[in-house]
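Q: Could you walk me through this model, chain by chain and contact by contact?

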Amino acid sequence: MANIVTIDPMTRIEGHGKVTIHLDDSGTVESARFHVMEFRGFEKFCEGRMVWDMPLITTRICGICPTAHHLASVKACEAVFDVELPAAAKKLRELLILGSGLEDQALHFFFLAAPDFVLGPDSDPLKRNVLGIVEANKDLAIKAIRLRKIGKNIVERVGGSSIHPVTAIPGGMSKSITGDDRYSMLKDADEAISYAELALDIAKDLFIKYADLAPSFANFDSLYMGLTKDGMFEEYDGAIRVVDKDGAIVADFSPQDYANYIDEAVEDYSWAKFPYWKSGGETYRVGPLARLNVATNIDTPKAKVAFDEFKAIGNGKPLSGSLYYHYARVIELLYKAEKIKELLQDDEIMSQDVRVKVDRKAGEGVGVVEAPRGTLIHHYQADDFGKLVKANLIVPTTHNNKAIDTAIAMAAKDNIKGKKLNEGVLNLVEMAARCYDPCLSCATHAIGKMPLEVTLYSHDGLVLDSIRRA
Amino acid sequence: MKTVATGILEGCFGCHMSLLDLHEEILDVLGAVEIVYSPIIDTKDFDHADIGILDGAVATEDNEETAKKFREKCDCLIALGTCSSYGGIPGMRNLFDLQDVLTSVYGDKIPSSDEIPKHLPEVKSLDQVVKVDYKIPGCPPLPADIKNALLALINGEEPVEQSRGKCAQCSRVKKELYIQQRDFVTDGVKAVMELDTIDPEKCFLEQGIVCMGPVTREGCHSKCPSKANMPCRGCWGPTPGITEVGAKMVNSLASILPAGAMMFMDDIVGTGYRYSMAISEVPGRIWR
Amino acid sequence: MNIGLYLSESNGEVSRVFDVSGLAGEYMDLSVVRVFDNFFPARSINAIKADIADNNLDAVVLAGESPLYFQNNREASSIIKEIEKSGINLNRISFANIKEHAALPHKTNPQGARRKAKLLIDVAIEKVKTSPPFEIIEFPPKKRVAVIGASLEGIVIAERLLAHGYKVYLIDKDGKVRMPEEEKAFMRTSVGYVLGHENLQVFSETTVKEVIGRRGDFTVTLEKNGTTQSLPVGAVMAATGSDLEYTDELRSVLYLAVDKDGYFKPLNRHTMATATRRSGMFIVPPADSICAKVSYAESAAMGIIALLDKEELLYEVPVSQVDERLCGGCGTCIKTCMFKASSIDEAKRIAIVDAMRCRGCGNCVTSCPTGARDLLANPTKYLHSAIEILAQLPSNGDPKVLYMLCEGCGYPSLDIAGESDTEYSVNIMPLGVKCGARVDTQLILEAFAKGFDGVIIGKCKEDKCQNLVGSVDLDRRANLFREILRSRGIDSERLRIVAMDGCEDATAAEVAETFLNELKTMEVTV
């Protein structure tokens, strides 16, 4: 038996997560594994449900990004029933996904990443959480809370419920918004933009401060996947684009054809599957970094400036260092804040024409949106009565499963030397995972850091060393 | 200062997110208690807490251990959310044999490493595993309700239980249903998407839409029917008077909606038992 | 709770099959246990009355004859009245049918019969433990009677009642006395007396729209030429006799049961031919001869006088309140109730029950989606415990069947099976319910969960249901419910619903036996 380092629990990230790092006899890292600790079987127990109820059931996959599931699901239903929805409904859905993205990425950046940046990565772990931020910089903490609240207000007013929205139904939206709704959302828009700019400034400072670490940390080649509209950054609509490490387009395909490009492997050590690029078997990445890597342009003014600066770092080529996920995330945050304002200023958002009547029929369809953590695919097949016969769901953290494994292994290989552990090792391994904000970690990181225990075992199972934080 | 421990079993983390949705008010709560164990802080273990809060259903051996640990160490244990209270959506797994579910997803390569926990044959609610002092149902519970329950317990008071049927809080108008005349309130059963227009004022049942409001516990202020123009799907779980939500739904709707139409036009099991399969008297497939 | 258990050997009919005293020995923890060779001699009832006083009994369990026997037979029903008079609430008297449902049909399997009898007694004890007492109200009965049908019988009854000093409303849908010429000839004087009486009011060409209330206190609503009128009466007499058409018209207004030929069904064809299950409502059976008609009419008039002559009437209200902690005012019960007994307090969004209209069928209890309703005579808690108790029957390798029997047809039919020596499997465990409408699908799940292999429900035929829609609602619920059974991997054929003609034959036993045999061949897993 090889020597194994266990990081357990990496909990509450839409479930249980755990890391084991395998060492050879000389104490060098052989491999690292990221274990997803549970499995709920949505695909199975959704069989027999009415397909139009799926947008209401699949939100419960994740309490952090339910909106993404809600919309991917309703898009899949619309593909099943072959229906076009009114323009205003599409705009409301865009508003909904932007609002949810705003609060989600605000949560991640300010509540999870900020403790490291504001308080410093070497600060007292006991205080390195949002409570510590409140103590150290109450103003920033209040801004973070406000930004989340602004996003939640949008989700509640457009989606009907701030967690687990319900209003997207096949054919459109169950309700339009009122003048009061629009005013309430619009009056906060500028405030949101200013907080997003603040986040961008903090991120830029970070990358200056860690200029030597950022490019090399957990940096590995992969493919990148994300939605674009002919290259334009996109979250709700469009086609899936995949680019390689040099930015060359590998494929541009309709979401309906995803199965031709992606396959899933099963590993004994995780309840999550491991998708891979079908033709070459490569690892691909999704999420903020991947989205900016596949996009050639972004269509809001302030975000466009930041996007160009970002692209300049790699001379137009994709950035592959895992830490750049944080950078990409705040650029998206700014985009969302700006785009929300733009949509709300468009009078069509008030249209009462938000749905068309849809009749049930048999069919098959795929719905794809960009969730905060990456491309989210829902694929349904329904019978004549509209009952779901088959479902396949690929969630962002699953897409990134192989990438997270790789990132963790790199961080471990670079830092675990010999048989002695220290807090720094924990931090670095954790940081590698956190870049991806795995929907396993977004939850854990809700306010502070995940509880983390690393145990180093010898080949005969003896505990060589163990460190517990906090 | 009272000590509080929070933990998560199998769920979506939405209940903890709902706590965060207190926004500025979260600071009041955090100021009134000492959190000794939680995903939001970094402690790995705890010896004792006055109040323990668990969200999520009990689905794995790990979950079961966590539940027992919390019961042992907490004076008062709260089941937070519908998963914890009634099994919630994860409980729908009980409609199928665990092995079938695994096979359908993993084929013949079902992960079996010792490094990942085993699933229980049936998903359970928290109180099917350990004694629970209070349930705060909801998917997720409203932020204010979590706060009020916590503050009540901190002050040594009983949290207020909301136990009536949800129609009590609904703004929609019932006309047909209040007329003492034996007949169906509608001539067909439809999906919301099949309506020409979704009447925002009229009771959904009277529009031919299966609404779970009657068989669901109040507490959400009827937000889907009243504000989102969508029928209730029962996410607050049953009232304390019943355990078989799907069976009760059938009993109730059979005399007010055309039963024959309902049989074909809707998913009786998945709608009826969506949030409470785990607490059914007949858990899962008994003829194994 | 102080419970007295009384077992009857039924003059050897039960004790020939198993040792009743031995069975009694298993209940020594109760306040009083006594074995009689027969319930009906005065010494038996005197002993019970003495026990009630001496031991402060709260409840009495009678293990012997069918509960229906105590309703449908004069001497037996007087025992119940005596027990009530001694201070026991009617809902705290329960029956274990160890004669018709255990001893008689299982004569060749005495051990099985005894085991079953034990469980039936356990269920009866559970019944009194879980049933809240009926509220008892006391009121002076209205000394007025509505006689519907100006037939020979109607005239005779009116004559007797008028002579006794009562006010009579004679109602008929037609404009003339409904008698053939030869009858008229005999009845001329009576007709003259009646029609000329100052205390008689005639409503011709008038239809009865609604009758609500309880014995001693009914309100009859009439309609003539589009105008309606309400009359307060103490008793209602349906003098339709052999007129099938008129009977059918009145059936759905009076909510009275009819027999298989379509005539009103008496409590007991032989000894209580003019009384019905709706106390305070009387009928006359069809008859050919004038002599027979007159004697039926006299018997009905006597029954009415016996009821209304009292200064004060006692009435046990069989209705439960709505649990305000649970009711959300969804309206299901309002729509479900055939008798318009449910309504809504819109301000509070809570359902209200009108005790004068409620028939105690339990349809609202079954339909209530929050569990806010309960039926005092069949509390939900009792039915669940009863199923749990009945499921304790030790396995003998054959399937175990729960047999839910509606009071109207299923239960009497199984009684007849016992009386007529029809043998059936001891694994068929009977449980009486008020009506098919009281069969909550939760109970069916409970039965499967507790180990029954099949559930069969004996109900009335659709057009014979005394609660009019109980039979229909049961079918509708069951049809939807089968999907739920299948979802649990239970073959939906394991639930069977059979409609039968109650008091006519032993169909109940045959269909259950057939069902049990089919269960034997059913796959265990779907």
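Predicted model: local features only at pLDDT ≥ 70, side-chain atom pairs only at ≥ 80, totals over all residues.

Q: OK, which pair of chains has the most contacts?
A: Of the two pairs of chains that touch, chains A and B have the most contacts, where two residues are in contact if their C-beta atoms, placed from the backbone, lie within 7 Å.

Q: And what about A and C?
A: No contact joins chain A and chain C, and their closest C-alpha atoms lie 10 Å apart.

Q: How many residues are in contact between B and C?
A: On the chain B side there are 43 residues, in contact with 45 residues of chain C. The helix α8(B) gives the most to the chain B side, with seven residues, and α8 (245-253), α9 (259-265) and α10 (268-272) of chain B each supply at least two. Helices (H or I, at least four residues) and strands (E, at least two) are DSSP runs, numbered from the N terminus.

Q: Which residues of α8(B) meet α15(C)?
A: From α8(B), A247(B), K248(B), V250(B) and N251(B) meet T441(C), Q442(C) and L445(C) in α15(C). By class, this contact has three nonpolar, three polar and one charged residues. The axes of α8(B) and helix α15 (residues 441-449) of chain C are 8 Å apart, and the two helices pack at an angle of about 145 degrees, with axes being lines fitted to C-alpha atoms, for helices over the stretch in contact, and angles running from 0 to 180 degrees between N-to-C directions.

Q: Switching to domains, what does the assignment give for chain B?
A: It gives domain 1 (2-154) and domain 2 (166-279), with bounds that come from an automatic or database domain assignment. Their centres, taken over C-alpha atoms, are separated by 28 Å, and 19 residues of domain 1 of chain B are in contact with 14 residues of domain 2 of chain B. On the domain 1 side, α4 (81-86) and β6 (119-124) of chain B are the elements that give two or more residues, and α4(B) gives the most, with three residues.

Q: And how many residues are in contact between domains 1 and 2 of chain C?
A: Four residues of domain 1 of chain C are in contact with four of domain 2 of chain C, and the domain 1 side has no nonpolar, three polar and one charged residues. The C-alpha centres of these two domains lie 37 Å apart.

Q: Now chain A: which residues of α11(A) are buried?
A: They are A303(A), A306(A), F307(A), F310(A) and K311(A), where a residue is buried if 20 or more other C-beta atoms lie within 10 Å of its own, exposed if 12 or fewer, and partly exposed in between, with C-beta atoms placed from the backbone. What covers them includes α8 (189-209), α10 (288-294) and α12 (324-345) of chain A.

Q: Which residues are exposed on the face turned away?
A: That face of α11(A) carries the exposed residues P301(A), D308(A) and A312(A).

Q: Is L468(C) buried or exposed?
A: L468(C) is buried, with 22 other C-beta atoms within 10 Å, and it has a positive phi of about 65 degrees although it is not a glycine. H221(B) also has a positive phi, near 60 degrees, and H221(B) is partly exposed, with 13 other C-beta atoms within 10 Å.

Definitions and conventions:
Residues numbered from 1 in each chain as written. Chains lettered and ligands numbered in written order. Nonpolar A, V, L, I, M, F, W, Y, C, P; charged D, E, K, R; others polar.
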